[in-house]
Each structure stands twice: as C-alpha cells, then as structure tokens.
Amino acid sequence: MDLPSTSSQSTPSSSPRTVAVVGLGTMGTGIAEVLARAGREVIGIDVSEAAARRATASLAAATARSVAKERLTEQEREGVLARFRTFTDLGAAADADLVIEVVPEDYDLKHRLFDELDAIVRPDTILATGTNALSVTRLAAESLRPERVLGLHFFNPAPAMKLVEIVSCVLTAPPAVEAVTELARELGKQPVAVGDRPGFVADGLLFGYLNQAAAMYEAKYASREDIDAAMRLGCGLPMGPLALLDLIGVDTARTVLEAMYASSGDRLHAPAPILGHLAEAGLTGQKSGRGFYTYEAPGNAVVVRDLQTPLDGSLLGTGRPVSSVGVAGSGTMASGIAQVFAQAGYDVVLAARSQEKAEAAKAAIGKSLGRAVSKGRLTEEAAAQTLGRIAPAGSLEAFAEVDLAVEAVAEDLAVKQELFASLDKVCKPGAVLATTTSSLPVIAVARATARPQDVIGMHFFNPAPAMKLVEVVRTVLTADDVHATVREVCAKVRKHPVDCGDRAGFIVNALLFPYLNNAIKMVEQHYAGIDDIDAAMKLGGGYPMGPFELLDVVGLDVSLAIEKVLHQEFRDPGLAPSPLLEHLVAAGCLGRKTGRGFREYARR
C-alpha cells in the first residue's frame with residue numbers, strides 16, 4: 001500500500017516522509033530508489049530533463065528485476081513508481097521534509113543551491129549535503145538555517161550498500177541528526193555518526209589507500225593488473241584500487257584528496273600527480289571510457305586491451321625444471337606451503353630444526369587434509385597421495401637434490417641470512433632459492449649466498465592452501481630464468497603470481513598497513529570509535545573485515561613491525577606507527593593470540 005505524504009505533520013525529530021533528491025546522476029537515482037522502495041514520497045529534481053528520464057527508466061528497470069526475482073509484487077512495484085516524481089524546477093522541493101543534494105563536488109554550486117533552497121523550503125525542512133569532501137560546517141554557516149544542515153553520505157550503489165554516514169557539525173541541532181538517523185534505519189541502512197572532516201570515516205581511509213596505489217603504479221613499481229589482483233586476492237577486496245578509482249572517477253578522487261590534504265597536511269593525502277594528469281586529459285575512468293584502464297565505451301564497465309595490457313605469460317621465457325621442492329620451517333605457513341606443493345604433485349621435503357618438529361608439521365598437514373576431506377573438497381585417496389609426497393627431515397641436508405628451496409622461518413633477517421648461507425652450501429647448482437618474507441629486503445637475504453642470481457621472493461599469504469596470491473619479488477640480481485621458473489611453478493600450484501620489486505611491503509603490505517595505521521589514528525584523535533570504523537569499512541567499502549578486526553587477527557606486534565619497516569624505508573612522516581599501536585604492543589595486548597588487542601577475546 002502506498003504511504004501518503006505527511007509533510008504537513010512532520011516534527012523536527014520525526015523521520016522525514018517526503019524527500020527531495022536534487023541531482024539525478026547515478027548516486028541521486030540510487031538514493032531515490034531506496035527512498036521510494038521504503039514508502040517515502042520522492043521528489044527527484046535535476047536541471048536536465050534527460051537525467052530525469054534516465055532516473056525514471058532506471059527505477060522502472062530495477063523494480064522490474066525485483067518482480068522477476070519475486071522480491072516485489074507487481075502491485076508493490078506500481079506503488080514504488082508512483083511515489084517517484086521528477087521535476088526540473090527546484091521549487092518542487094517546497095513541501096519536502098528533507099532535501100538531499102547530490103550535485104557535483106563544487107562548493108560554489110552547492111552554496112548557490114542551498115541559497116535557493118533557503119528561499120523555497122519550510123523553516124523545519126532538513127537540508128542534507130551528499131558531499132564527501134567539502135566542508136559541511138561552511139555550507140551550514142552560510143545557510144539561513146544552519147541548525148538544519150547536515151551531511152548524509154550514501155555509498156555507491158546506494159540500493160546495495162548498507163552504510164550511511166551522518167555528518168553533523170557544531171551548528172547542527174540534535175533533532176535534525178535524530179530524524180535522519182531514524183530515517184536511515186527505516187531504509188534498512190546502518191547509520192554511523194561522524195564529525196565534519198574531508199572523507200569522513202570510510203572515504204577518509206579509502207582515498208589515502210587509493211592514492212598510494214595510484215602512486216605505486218605511476219612509479220612503475222607494478223602493473224595496474226598486478227596491483228589490483230594483489231589487493232583482491234591478498235585482502236579479499238571486491239575491487240582492486242585502480243579499477244575502483246576508475247569507477248569512482250579519477251577527477252572525483254582528486255577533488256576528495258585535495259580536500260583531505262588541505263585539512264590534514266599528510267603527504268599520503270597529496271594527490272598522486274597521475275590523478276591530475278589523467279583528469280586534465282579527460283581520462284576520468286569508466287564514465288569517459290578510459291582512465292587507468294580502457295573500456296568498451298563511456299559508461300561501460302567492460303575492460304578492453306590497450307597498450308598497457310601485459311603480454312601473454314608464455315613470452316616471459318623458459319624457466320628451470322622443477323620436480324622436487326624443499327620447504328624449510330615447521331610453523332603454520334611452512335606446513336601450508338608444503339601442502340600446496342604436495343597437492344599439486346610435487347615431491348616435497350619438509351625440513352625443521354629436528355625430526356620431531358618435522359614429523360609434527362607433517363601431522364598438522366594431515367589434519368588439514370582431513371578437514372578438506374570431511375568438507376568434501378578432497379577425496380580420501382587424494383589426501384593420502386598428497387601426504388605421501390611429503391618427506392619430513394630434521395636437517396637442511398635433505399635439500400641436496402631439490403630443484404626449488406622455499407624458506408618459511410621466523411621474520412628475522414639474521415635468522416633468514418643464516419639459513420640461506422646453509423642452503424647455499426647444501427643445494428645443488430641451479431636450484432632456485434626462495435624466501436617467503438613479507439617485509440624484509442630479499443637482496444639482503446640473497447647476499448648471504450654466493451649465488452644471489454638464484455634467489456627470489458615468493459610471498460605466500462596465510463592460510464597458504466586457501467589464499468590464491470603469491471607476490472613474486474625480483475631483486476636487481478635475480479636471473480630472468482629464475483623469475484620465469486617461479487611464475488611457472490605458481491601456475492602449476494594454482495596460485496596467481498604478481499610481480500613486484502624488492503622494496504618494503506611489496507604490494508599488499510605497502511598499501512594495507514598505512515590504511516590500518518590511519519584507522520588507529522582516527523581512534524587516537526577521538527574522531528570515531530573502533531566499532532563505527534569497522535562497520536564503515538565493511539558496509540561502505542565492501543571490506544571482508546574492519547581494520548581493527550584485521551589488526552587483532554594479524555597481531556599488533558606483527559603490524560607494528562611492518563609499519564616500522566615501511567617508515568624506515570620510505571621516511572614519510574605519515575607512515576610513522578601510531579603511538580596507540582606502540583603502547584598496546586608494549587602492554588602485551590597483541591590481539592586474538594593474547595586475548596586482548598583493540599578488543600577483548602575469550603581465552604581458549
């Protein structure tokens with residue numbers, strides 16, 4: 001049943017019933033759909049009649065899909081469509097309880113719009129800006145009704161994304177905040193209350209990360225495909241950062257970052273020059289048909305090959321033959337890597353500091369394979385064959401005939417150097433020697449041998465049997481056929497290799513940990529709490545875990561060590577570890593493994 005408009009009866013703290021949406025682009029159309037589906041009377045306003053027609057057609061198509069999927073009845077669909085009316089005249093907002101503007105990110109444009117609205121709407125109407133970069137306080141201060149102005153930041157696509165950031169400033173009256181908070185909940189969204197600063201919570205963390213990814217690509221450190229694949233496969237993100245920049249719009253990202261940098265002074269927020277170059281050239285992403293990638297047509301999401309598309313992998317050259325693999329270590333990562341190679345058909349020598357530790361590591365693999373069998377992912381015969389390919393050994397001497405030696409021992413440079421010096425003596429000439437370090441310089445490990453040309457980085461992700469990504473790290477001395485060998489091996493073990501140079505953090509950690517560090521700084525500055533930040537990144541960014549959940553899983557001590565390595569290598573003040581992180585580590589609050597980190601956990 002259609003809900004009638006109750007605008008004449010609205011009170012400051014009641015949920016708005018009639019809502020005007022000004023600006024019917026992608027975001028405005030999405031917000032209008034959400035409101036109409038939730039029973040609100042929606043007044044869509046855009047100066048372009050074509051935009052208004054597209055918005056109406058979009059709503060019709062979306063609701064038709066819902067009927068086809070039996071999520072709406074035809075009668076309900078008719079009600080939704082009847083509640084959405086479009087206009088080209090701002091005067092149509094006169095009866096609205098709430099006006100949400102989603103016009104382009106231009107302060108003068110928004111200011112003029114609010115001036116016009118002041119003369120049109122009722123005194124109790126709430127005016128909401130959809131900005132994620134401009135000052136809500138400034139817009140409010142220049143309005144005739146500053147107590148009724150706030151920010152209402154939906155995420156794209158609005159019908160699917162659950163997060164709504166509600167931005168209040170020192171001028172905003174609490175009843176206005178209460179009213180839109182109630183509305184957000186009635187729309188099925190999760191409202192997060194934030195203060196007025198560029199980017200708020202989700203974009204404040206997201207855009208710094210996107211900016212660093214753009215700078216990484218601009219420096220030719222890694223290809224756009226490898227950067228995007230690394231973050232999707234290594235962190236479980238729905239999109240890679242460069243593809244996401246194209247979706248958001250390179251020009252929009254640059255505007256947001258400029259505002260963030262003006263506010264923070266943090267060099268990590270200073271827009272990467274490539275963003276300016278692309279924007280000035282009109283290469284703004286999907287909407288223009290070309291940005292970091294090239295698309296079939298403007299507005300089309302299908303990527304097509306261009307001059308930057310990598311050549312076929314077969315053109316990399318021929319690698320060395322590999323039939324047997326040695327894995328050094330007895331921990332979770334070493335066991336997981338040994339399982340990966342054995343499942344792919346390689347004969348594996350699993351060497352630990354003692355025969356007992358090696359046998360225990362093999363037993364752990366047996367349990368892992370057993371779980372896979374119980375879940376139907378593996379047959380009992382395949383599990384038995386995999387386990388049979390693993391030979392435990394209490395000494396590196398067992399690596400004498402392996403073609404590839406992979407170390408997965410403690411993340412300590414001295415320990416790894418000592419191990420590689422031993423491998424240099426034990427392994428046959430031509431054997432490839434790989435380190436799984438996630439943060440140490442591979443060249444420093446390679447120099448512990450007399451054959452640095454045979455040394456390369458193979459950074460697996462935990463848990464190795466499940467995670468598809470391997471960062472392949474070449475040093476300035478790594479031989480071409482060693483690189484080709486590791487890429488071939490990755491394909492055979494069904495992992496996705498990404499190439500990167502030998503610098504701190506490689507791809508994933510270099511992008512991930514500054515983002516985590518910035519989340520901690522938000523808490524330090526009392527801008528937002530850990531629960532709101534985690535919710536913002538999961539619901540607004542599509543992240544599988546919030547930053548504080550992830551920090552507690554990784555371990556605060558591990559996170560601090562990686563932050564220190566990044567800061568030492570790049571010498572950027574913005575990469576300095578958060579004091580709060582240092583204090584928690586000093587107090588022994590290391591996350592889940594100690595029962596307390598940013599949150600407390602039941603001890604097992």
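The side chains of D572 and R267 meet in a salt bridge, with 3.9 Å from N to O; a salt bridge is a side-chain nitrogen of Lys or Arg within 4 Å of a carboxyl oxygen of Asp or Glu. D572 lies in the loop between α21 (556–570) and α22 (579–586) and R267 in the loop between α10 (250–264) and α11 (273–280), so the pair ties together parts that are 305 residues apart in sequence. The model is predicted: local features need pLDDT of at least 70, side-chain atom pairs count only at pLDDT 80 or more, and totals for chains, interfaces and linings use all residues. Residues are numbered from 1 along each chain as its sequence is written, and side-chain values use heavy atoms, with hydrogens and water left out.

**Salt bridges**

- A search of the whole structure finds 28 salt bridges.
- D572 counts as buried at 8% relative accessibility, whereas R267 is exposed with a relative accessible area of 55%; buried means under 20% relative accessible area, exposed over 50%, and partly exposed in between (1.4 Å probe, protein chains only).
- R320 forms a salt bridge with D454, the closest N and O atoms being 3.0 Å apart.
- R320 lies in the loop between β10 (303–304) and β11, and D454 in the loop between α16 (442–446) and β16, so this pair ties together parts that are 134 residues apart in sequence.
- Both R320 and D454 are buried.

**The sheet**

- Eight strands form an open sheet with mixed pairing, in the order β13-β12-β11-β14-β15-β16-β17-β18.
- The edge strands, each pairing on one side only, are β13 (390–393) and β18 (496–501).
- Helices (H or I, at least four residues) and strands (E, at least two) are DSSP runs, numbered from the N terminus, and two strands pair if DSSP finds at least two bridges between them.
- Strand β11 (residues 324–328) and strand β14 (residues 404–407) pair in the parallel sense over four bridges, and the bridge partner of V327 in β14 is V406.

**Strand β16**

- Six of the six residues of β16 are buried, so β16 is largely enclosed by the rest of the structure.
- On one side of β16 are the buried residues V455, G457 and H459, and on the other are I456, M458 and F460, also buried.
- β15 and β16 pair in the parallel sense over three bridges, and L433 stands opposite V455 in β16.
- β16 and strand β17 (residues 469–474) pair in the antiparallel sense over four bridges, and M458 stands opposite V472 in β17.
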